[in-house]
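Please look over the structure shown below before reading on.

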Amino acid sequence: MKDKIAENILLLIAFSAILSLLLITFFIFQQGIPLIFKTGLHNFFSISWSPTKGGFGILSMIIGSLMVTAGALVVGIPFGLACAVFLAEFSSPTIQKTLKPIIELLAGIPSVVYGFIGIVILVPFIRETFGGPGFSVLAASIILGIMILPTIVSISYDSLLAVPNTYREGSYALGATKWQTVRMLLLHAARSGIVAGIILGMGRAIGETMAVIMIAGNALKIPGSLLDSVRTLTSTIALELGYAAGDHRAALFACGSILFIIIIILNIVAIRVTGRK
Amino acid sequence: MIIRTSNVNLYYHTFQALKHIDLAIKENLITGIIGPSGCGKSTLLRVFNRMNDLIDGVRITGSVVIDDEDIYSPFCDLTMLRKKVGMVFQRPNAFPLSIFDNVAYGPRVWGITDKKTLTEIVERSLAGVDLFGGLKDKLHHSALSLSSEQQQRLCIARLLAVEPEILLMDEPCSALDPIATGKIEELMFDLKKTYTIVIVTHNMQQAARIADDVGFMLLGELIEFDKARKIFTNPADERTFGYISGRFG
């Protein structure tokens, strides 16, 4: 009897979590989608964003989001994979036990701190070394690349550890070196986990807001180079929601809907990739 | 004599797993190593391709000479040794790659990249284990889609592709049913013409069926090593007699 009550209470709590997700989804789409149709798809996916004068084209922000996300992956994948391979295959248990929690700690640093470090160190460095304003695609990519490291490292590490030892033995028994084994066998065997880690990292990068606002410069145009300033979907929402009203406010929800759709697609792909074996 | 050991002792930390092993394995024969579980027979097999090196805390003394080379000398090239002395494991460990890539794995490790050469090697190796006929149209399917017996054959083909001299087999049939076991045994008879085979088995009937020489191990010691017929009909040591007559083990 007591079990039954506990079960029902837990069910209720679990259901309310799902319910809140459904409500958020419904609310965002309900607020945003009508504007997309009102503006027309063609205008909505154009580059003219002048929300106070009725221009709701979000193309430059979509491109901005995609650019910093791609940049984050260019930075995050090589470092993250190298780190995971080193931890899983080349380091002693003591080093693993020390380094893994430290890397995971990176995920616990508030994003405003990343942004702050970006402003204080990275932006001036880029300005003085490569020119331009410093607030740029490059700066955002590097900071986001570091921010997605823990996701990529820990998921890739776990999936490398999950590769059965019999594969390693089989490979060594053919005369393969450790590095050959990693490159020719283990990365293949752990591929689904690694891809899932990368996709989840991508989701983090595209959704990140605070750090990006602080270092990307937020200029409203399609960047011509890595040193140009850039504005993302998330920055636009955060920067403008405070004073937006009417259609402008709806347009920001429309941006949110687009982000939401992109992130849902990424998550579905990640789940598909890990499920398939 | 293709493999000769003298006074080999092996320790896991403080536990002595092999004690004073002296034996000589002859070319182009099947040598069976039998004994109850935990007697050190798999450990002994892994001495011959230095797979024990992968385990922490293993120390080995004595000498193991293969083809006149001391394989525990500091000058021994470990990867060359493992190319020459291939190993088949207890459970088929086909890699999660295509059938083609499984067999081509070894040659690629050894630097062969030419597609035509690789294809020739793959076809020849698969034919060597009698798989090519059935699988020639499925080379790009995943190896994990094969049956256990086919996977074990594939693992043997993968070894043949690097042209070893010696095949070490660690209970290669323990995951297979009797019919599949019979087929793998037939394959071993074929392979014996070209290769020297050392097989560890807990299955005495299997050793009696296929081995030319047999060694009986107990608690880390090699109790007796002789012609299979001698071991199974007229063993010199009473412990061997006790084991083969089923009194323990």
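What follows is a set of notes on a predicted model, grouped by topic.

The interface between chain A and chain B buries about 1600 Å², and one salt bridge is counted across it. Over all chains, the count comes to 18 salt bridges. Chain A also carries a nonpolar surface patch of about 740 Å².

**Interface between chain A and chain B**

- On the chain A side, 17 residues are in contact with 25 residues of chain B.
- Carbon and sulfur atoms give 70% of the area of about 1600 Å² that is buried between the two chains.
- Within chain A, the residues that lose the most area to chain B are A:Ala173, A:Leu174 and A:Met184, which together make up 38% of what that side buries.
- The one salt bridge counted between chain A and chain B joins B:Arg46 to A:Glu169, with the closest N and O atoms 2.7 Å apart.
- Five residue pairs are in polar contact between the two chains, both residues being at pLDDT 80 or more.
- Helix H7 (165-173) and helix H8 (178-189) of chain A each supply at least two residues of the side that touches chain B.
- Of the elements on that side, H7(A) gives the most, with seven residues.

**Salt bridges within chain A**

- A:Arg168 and A:Glu89 form a salt bridge in which the closest N and O atoms are 2.8 Å apart.
- This pair links distant parts of the chain, since A:Arg168 lies in helix H7 and A:Glu89 in helix H3 (residues 59-90), 79 residues apart.
- Buried or exposed, which describes A:Arg168 and A:Glu89? Both residues are buried.
- A network of salt bridges links A:Lys100, A:Glu104 and A:Asp158.

**Salt bridges within chain B**

- B:Lys84 and B:Asp67 meet through their side chains in a salt bridge, at 3.6 Å from N to O.
- B:Lys84 is in helix H2 (residues 78-84) of chain B, while B:Asp67 is in the loop between strand E4 (58-66) and strand E5 (69-70); the pair links distant parts of the chain, 17 residues apart.
- B:Lys84 has a relative accessible area of 18% and is therefore buried, the limit for buried being under 20%.
- B:Asp67 has a relative accessible area of 32% and is partly exposed.
- A salt bridge of 2.9 Å, N to O, is formed by the side chains of B:Arg108 and B:Asp101.
- B:Arg108 counts as partly exposed at 30% relative accessibility, and B:Asp101 counts as partly exposed at 26%.

**Nonpolar surface patch on chain A**

- The patch is made by A:Ile109, A:Val112, A:Val113, A:Phe116, A:Ile117, A:Ile119, A:Val120, A:Ile121 and A:Met210.
- Helix H5 (residues 111-130) of chain A contributes the largest share of the patch, seven residues.
- Where is A:Ile109 placed? A:Ile109 is in the loop between helix H4 (93-105) and H5 of chain A.
- With a relative accessible area of 34%, A:Ile109 is partly exposed.

**A:Ile265**

- Helix H12 (residues 246-275) of chain A holds A:Ile265.
- A:Ile265 and A:Ile199 are 66 residues apart along the chain, and their C-alpha atoms are separated by 10.0 Å.

Technical notes
Residues numbered from 1 in each chain as written. Chains lettered and ligands numbered in written order. Heavy atoms only, no water. Patch = residues over 30% accessible without salt bridge, like charges linked within 9 Å, V, L, I, M, F, W, Y side chains within 5 Å. Areas by Shrake-Rupley, 256 points an atom, 1.4 Å probe, with all protein chains shown as cover. Salt bridge = Lys/Arg side-chain N within 4 Å of Asp/Glu carboxyl O. Helix = DSSP H or I, 4+ residues; strand = E, 2+ residues; numbered from the N terminus. Buried < 20%, exposed > 50% of the residue type's maximum accessible area, 1.4 Å probe, protein only. Contact = heavy atoms within 4.5 Å. Buried area = accessible area lost by both parts, 1.4 Å probe. Polar contact = N/O pair within 3.5 Å; in protein donor to acceptor, adjacent residues only side chain to side chain.
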